[in-house]
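Hi there,

Here is the structure I promised to pass on. Have a look at it first, then read my notes below.

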Amino acid sequence: MPAEDTVFNVIYDKYMFWSILVGLLTFGWMFIAMLRYRDGVEPVENLEKYHIEVGSFPVDSHNTKLEIAFYVLPTILVVWLTMIALASNTAVWTIPSDEDTFNVDVVGKQWFWEFHYNDDLTWEDDPRTTYVEVNWTGGMITVDTHCPADCQRMEATNVTVGVDGVETDYSIDLAAEMLSVSGIYFDKGLHSVITVYDAEDNLLHTWEHLPVGTILSTAGGQHLIIPCDESITLDLHSRPHDTSNPAYVGVQHAFWLPEWGVKEDLVPGLEAGTVMTFFPNDAGTFPIRCAEYCGLDHSKMIGNIDIVAPYDETCDFDSWTNRQGEGY
Ligand SMILES: [Cu+2]
């Protein structure tokens with residue numbers, strides 16, 4: 001079942017409502033008729049005069065309004081259900097323009113997914129659940145790890161600052177529950193990660209900047225990281241893992257995000273690629289699947305998508321806490 005905020009879920013509920021209503025009326029009338037007109041029940045007097053025949057309305061005693069309603073009402077219902085079902089088409093096929101959307105190229109290979117970022121993203125774990133807040137302006141990084149008295153987590157002790165793969169470790173001033181680092185300047189073009197750990201090396205909090213051109217891959221266990229509350233466009237391409245044979249263009253894959261009920265084929269040799277769009281609301285980690293048999297290790301072509309809050313923004317907090325226990 002897709003997420004509650006998707007058009008597919010709304011349509012599913014409406015179809016269910018009308019199916020159950022029509023089902024109750026139809027089966028209800030069928031059982032009444034079975035009981036009322038079964039063998040052994042006293043027949044209506046002078047039944048012959050109605051000229052009743054199986055499969056037709058009584059010729060001499062019919063009800064025009066009822067017969068018209070018999071055709072018109074179901075027609076209205078079917079037309080209306082068709083109209084609302086078109087909303088799912090609109091949701092899938094209306095591709096937002098480039099400026100209004102967060103865009104990532106998804107490349108399917110045998111047998112993993114690569115994500116090439118065409119937009120940059122700065123995000124941070126929700127400080128309301130981690131009790132850690134990172135601030136990086138200019139050449140000044142501050143990490144505030146102040147935890148209230150009833151705080152559930154271990155004390156934060158270490159911070160790692162990684163810029164373009166070069167990592168530096170720092171210890172937090174435990175008395176002040178604070179770390180300040182100066183002299184590292186934020187560069188929009190470099191992949192930067194700040195991670196906060198406790199004394200047992202458990203990860204408590206992540207702050208990350210993914211510049212344009214970042215490549216993440218499920219082969220390395222990385223997740224696709226996507227901001228919440230933004231329209232997302234994915235350009236999908238199938239490419240061969242081994243490019244030594246120019247005649248071999250790869251195989252068909254299908255990128256499937258069960259959470260949003262969206263799936264699109266990746267077609268080998270189709271240079272322009274295919275497009276998928278969706279709108280995530282709730283933070284959390286959700287599955288990625290390949291829905292097209294693509295060879296020996298097709299079943300291993302799986303991954304995860306993290307929906308995160310852009311830096312200094314928040315996603316739907318209720319859903320975030322609810323999902324913590326669901327084992328995604
Ligand atoms: Cu595949």
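A quick definition before we start: a residue counts as buried if 20 or more other C-beta atoms lie within 10 Å of its own, as exposed if 12 or fewer do, and as partly exposed in between. Also keep in mind that this is a predicted model.

So where does Tyr-131 fall? Tyr-131 has 18 C-beta neighbours inside 10 Å, so it counts as partly exposed. You'll find Tyr-131 in the loop between helix 3 (127-130) and strand 4. Its backbone is worth a look too: phi of Tyr-131 is near 55 degrees, a positive value in a residue other than glycine. For context, most residues other than glycine have a negative phi, and most peptide bonds are trans.

Glu-177 also has a positive phi, near 50 degrees. It sits in the loop between strand 7 and strand 8, and counts as partly exposed because it has 16 C-beta neighbours inside 10 Å. As for peptide bonds, the one joining Gln-110 and Trp-111 is cis, with omega at about 0 degrees. Trp-111 belongs to the loop between strand 1 (102-109) and strand 2 (112-117).

Now for helix 2. Its 30 residues (64-93) should span 44 Å at 1.5 Å a residue, and that agrees with its end C-alpha atoms, which are 44 Å apart. There is a kink of about 25 degrees at Phe-70, shortly before the proline Pro-74.

On to the strands. Strand 5 (residues 140-144) has a covered face with Ile-141 and Val-143, while Met-140, Thr-142 and Asp-144 make up the uncovered one. Strand 5 runs antiparallel to strand 4 (residues 133-137), with five bridges joining them, and Ile-141 is the bridge partner of Trp-136. The hairpin of strand 4 and strand 5 has two residues between the strands, and Gly-138 there takes a positive phi near 60 degrees. Five bridges also join strand 5 to strand 8 (residues 178-182), again antiparallel, and here Ile-141 stands opposite Val-181.

Strand 6 (residues 156-163) has antiparallel partners as well. Seven bridges link it with strand 9 (residues 192-198), where Ser-192 is the bridge partner of Val-163. Six bridges join strand 6 to strand 7 (residues 166-171), with Asn-158 partnered by Ser-171. In the hairpin of strand 6 and strand 7, Asp-164 takes a positive phi near 55 degrees.

Val-193 lies in strand 9. Leaving aside residues up to four places away in sequence, Val-193 touches Gly-162, Thr-206 and Glu-208. Its C-alpha atom is separated by 74 Å from that of Thr-64, 129 residues apart along the chain.

Finally, there is an open sheet of five strands in the order 12-18-17-14-15, with mixed pairing. Strand 12 (224-227) and strand 15 (262-266) stand at the edges with a single partner strand each, so one side of each has no neighbour in the sheet. Neighbouring strands of this sheet are turned by 25 degrees against each other on average, direction ignored. Within it, strand 14 (residues 253-257) and strand 17 (residues 284-290) pair in the antiparallel sense over two bridges, and Trp-256 has Arg-289 as its bridge partner.

Cheers

Note on methods. Residues numbered from 1 in each chain as written. Predicted model: local features only at pLDDT ≥ 70, side-chain atom pairs only at ≥ 80, totals over all residues. Helix = DSSP H or I, 4+ residues; strand = E, 2+ residues; numbered from the N terminus. Expected span 1.5 Å × (residues − 1). Bend = angle between axes of the 7 residues up to and from the residue. Pairing = 2+ DSSP bridges. Axes fitted to C-alpha atoms, helices over the stretch in contact; angles between N-to-C directions. Contact = placed C-beta atoms within 7 Å.
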